[in-house]
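Work through the exercises below with the sequence and the model open. Each task is followed by its solution.

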Amino acid sequence: MVRTLTADAVDRLDTTSLLRAAIAAGIWIRCLPVDGRWCEVDSAADLQCYEALLDTPGGWSHDWRWQGGGGGRLT
């Protein structure tokens, strides 16, 4: 399905839109529970924003890193 999109459309694609298009195309989507924290990152700008929020005093309420762990950056 993604192969039918232009490179520009792929660059602008977010997870919600991808799932919506897949469902519209008749592709079955299964949900799985996540054990731990989760945060959607759709772009490099999202990642930079989240990392800056993690570095703020007091942290960020949507910190996806494991509690008690070493944290770390996504690469």
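**Exercise 1: the start of H2**

Find the residue that caps the N-terminal end of H2.

Solution. Aspartate 14 is the cap: one of its side-chain oxygens lies 3.1 Å from the backbone nitrogen of threonine 16. H2 is a helix, that is, a DSSP run of H or I with at least four residues, numbered from the N terminus. Now go just past H2: glycine 26 has a positive phi of about 85 degrees there.

This is a predicted model, where local features need pLDDT of at least 70, side-chain atom pairs count only at pLDDT 80 or more, and totals for chains, interfaces and linings use all residues. Residues are numbered from 1 along each chain as its sequence is written, and side-chain values use heavy atoms, without hydrogens and water.

**Exercise 2: the fold**

State the order of the elements in the protein.

Solution. Count: three helices and zero strands. From the N terminus, the order is α-α-α.

**Exercise 3: burial**

Classify valine 10 as buried, partly exposed or exposed.

Solution. Locate valine 10 in helix H1, residues 7-12. Apply the cut-offs: buried is under 20% relative accessible area, exposed is over 50%, partly exposed is in between (1.4 Å probe, protein chains only). Valine 10 has a relative accessible area of 35%, so valine 10 is partly exposed. Across the 75 residues of the protein, 11% count as buried.

**Exercise 4: contacts**

Find what share of the contacts with a separation of 6 or more joins residues 24 or more positions apart.

Solution. A contact means heavy atoms within 4.5 Å. The share is 32%.

Definitions and conventions: Helix = DSSP H or I, 4+ residues; strand = E, 2+ residues; numbered from the N terminus. Polar contact = N/O pair within 3.5 Å; in protein donor to acceptor, adjacent residues only side chain to side chain.
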